[in-house]
Amino acid sequence: MKGELYLVVCAAGAASEVGRFVGMAQDDGWEVQVVATPSALDFIDVPALERQTGRPVRSRYRKPHEPKPPRADAFVVAPATYNTINKFAQGIADTYALGVLAEAPGLGLPVVVLPFVNEALSSRTAYRRSVRDLQADGVRFVLDRDGDPWERALAELRAATSGSAKG
């Protein structure tokens with residue numbers, strides 16, 4: 001087993017395909033915990049993802065009596081939206097998903113971001129600055145548009161964790 005992978009899912013059309021990425025990551029040896037932004041819950045098949053991972057999809061902070069989830073060893077944010085990328089860069093942690101992401105760079109945990117941002121938004125100075133700021137914190141981005149985006153995200157995860165992953 002490579003460790004605990006937190007897959008942070010945002011509200012973008014590609015979110016309906018995250019089950020495919022979960023399967024790819026599991027085949028690669030990861031235990032996957034899906035963390036959804038509140039808006040992403042309407043874009044994913046929560047029961048199917050829970051069956052696939054054997055875990056509840058998390059979208060809120062746990063209550064004191066609820067068990068703690070396993071700690072993450074790595075993160076993939078996919079699909080990552082303009083909103084989430086900009087909030088992540090600014091340190092805004094107003095959702096559970098952003099809260100767990102906010103700590104990751106400071107803990108030295110690998111983070112891979114697969115943006116699903118349209119051309120108009122990706123051309124904005126604020127977005128480009130957010131990408132640069134996150135990269136300066138060690139966050140990796142899958143920015144090229146060639147091939148299968150999910151395979152590119154998995155390849156970037158492998159590169160980010162080579163030498164640091166368990167097993």
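This is a predicted model: local features need pLDDT of at least 70, side-chain atom pairs count only at pLDDT 80 or more; totals for chains, interfaces and linings use all residues.
Asp28 lies in the loop between helix 1 (18-27) and strand 2, whereas Arg158 belongs to helix 7 (residues 149-161), so the pair ties together parts that are 130 residues apart in sequence. Asp28 is buried, with a relative accessible area of 15%, while Arg158 is partly exposed at 40%.

## Other salt bridges

The structure holds 8 salt bridges. One of them joins the side chains of Glu4 and Arg55, at 2.5 Å from N to O. Because Glu4 lies in strand 1 and Arg55 in the loop between helix 2 (46-53) and strand 3, this pair connects parts that are 51 residues apart in sequence. Glu4 is buried, with a relative accessible area of 9%, and Arg55 also counts as buried, at 15% relative accessibility.

Helix 7 also contributes Glu156, which pairs with Arg140 of strand 5 (residues 140-141), so that parts 16 residues apart in sequence are tied together. The closest N and O atoms of Glu156 and Arg140 are 2.7 Å apart. Glu156 counts as partly exposed at 21% relative accessibility, as does Arg140 at 31%.

## The enclosed helix 4

Of the 8 residues of helix 4 (residues 96-103), 6 are buried, so this helix is largely enclosed by the rest of the structure. Those buried residues are Tyr96, Ala97, Leu98, Gly99, Val100 and Leu101; they pack against strand 1 (3-9), strand 2 (30-36), strand 3 (74-80), helix 3 (82-90) and strand 4 (111-115).

Notes: Residues are numbered from 1 along each chain as its sequence is written. Side-chain values use heavy atoms; hydrogens and water are left out. Buried means under 20% relative accessible area, exposed over 50%, partly exposed in between (1.4 Å probe, protein chains only). Helices (H or I, at least four residues) and strands (E, at least two) are DSSP runs, numbered from the N terminus. Contact means heavy atoms within 4.5 Å. A salt bridge is a side-chain nitrogen of Lys or Arg within 4 Å of a carboxyl oxygen of Asp or Glu.
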